[in-house]
Amino acid sequence: MRWTIEAQGTELARTADDACVFLGAAGCTVHADRPLVCRLYPLGRHVDADGSERFSHLDPHPQSAGDYHRDGTIAGYLRTQEAAPFMRAADRYYEWWCRFMGTESAHGATAPVVEGDAPGLAEALEWIDLDMAVARACRDRGIPQPEDLESRLEVHLNFLHGTLAGRD
């Protein structure tokens with residue numbers, strides 16, 4: 001979350017000249033590990049309440065020199081961007097968040113509505129940072145940190161679900 005605006009985790013931070021915080025002199029400095037929003041760009045992904053998804057197309061920023069495969073399909077573009085595991089992760093985090101906030105998601109996950117100072121809220125919000133949460137959870141359990149993204153995601157979501165269960 002330290003690379004997002006006001007550490008909210010919803011929008012990547014910008015430099016003083018309004019460029020992406022990850023843009024270096026030779027281009028993207030985190031291309032291999034880029035977040036989902038970068039993998040989808042210039043598409044926007046919209047998931048409806050019934051779980052169906054659709055995509056919108058944004059006009060690329062004039063300074064963006066990316067190859068957007070305008071002659072292919074959305075599915076083909078998503079494959080070239082290796083977006084599928086990131087979209088699955090986003091969906092799983094969305095399910096957790098809906099449950100945590102007491103709202104219904106596409107799959108019906110619900111929980112009590114969280115009040116502003118509800119027990120566990122501040123701690124749970126700290127644990128949204130995957131790397132910090134995985135490091136702490138593994139340290140507390142005396143186990144090595146998993147290296148692959150899917151395993152790290154599992155450790156993180158298990159902890160988040162445990163946090164939620166602890167406040168029910």
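In the hairpin formed by β3 and β4, five residues lie between the strands, and Gly51 adopts a positive phi near 90°. The two strands, β3 with residues 43-47 and β4 with residues 53-57, run antiparallel and are joined by five bridges, where strands are taken to pair if DSSP finds at least two bridges between them. Within this pairing, Leu43 has His57 in β4 as its bridge partner.

The model is a predicted one, in which local features need pLDDT of at least 70 and side-chain atom pairs count only at pLDDT 80 or more, while totals for chains, interfaces and linings use all residues. Residues are numbered from 1 along each chain as its sequence is written, and side-chain values use heavy atoms, with hydrogens and water left out.

Of the contacts in the chain with a separation of 6 or more, 40% are accounted for by residues 24 or more positions apart, a contact meaning heavy atoms within 4.5 Å. The accessible surface of the chain comes to about 10,900 Å², and 54% of that surface belongs to carbon and sulfur atoms, with areas calculated by the Shrake-Rupley method with a 1.4 Å probe and, for residues, only the protein chains shown counting as cover.

Buried residues make up 29% of the 168 residues in the chain, where buried means under 20% relative accessible area, exposed over 50%, and partly exposed in between (1.4 Å probe, protein chains only). Val134, in helix α5 (residues 130-141), counts as buried because its relative accessibility is 0%. Leaving aside residues up to four places away in sequence, Val134 touches Gln145, Pro146, Arg152, Val155 and His156. The C-alpha atom of Val134 is separated by 9.9 Å from that of Ser151, which is 17 residues away along the chain.

The cysteines complete the picture. A search of the whole structure finds zero disulfides, a disulfide being a pair of cysteine sulfur atoms within 2.5 Å. For Cys20, the closest cysteine sulfur is that of Cys38, at 5.6 Å, and this is too far for a bond. Cys20 counts as partly exposed at 21% relative accessibility, whereas Cys138 is buried, with a relative accessible area of 1%.

Note on methods:
Helix = DSSP H or I, 4+ residues; strand = E, 2+ residues; numbered from the N terminus.
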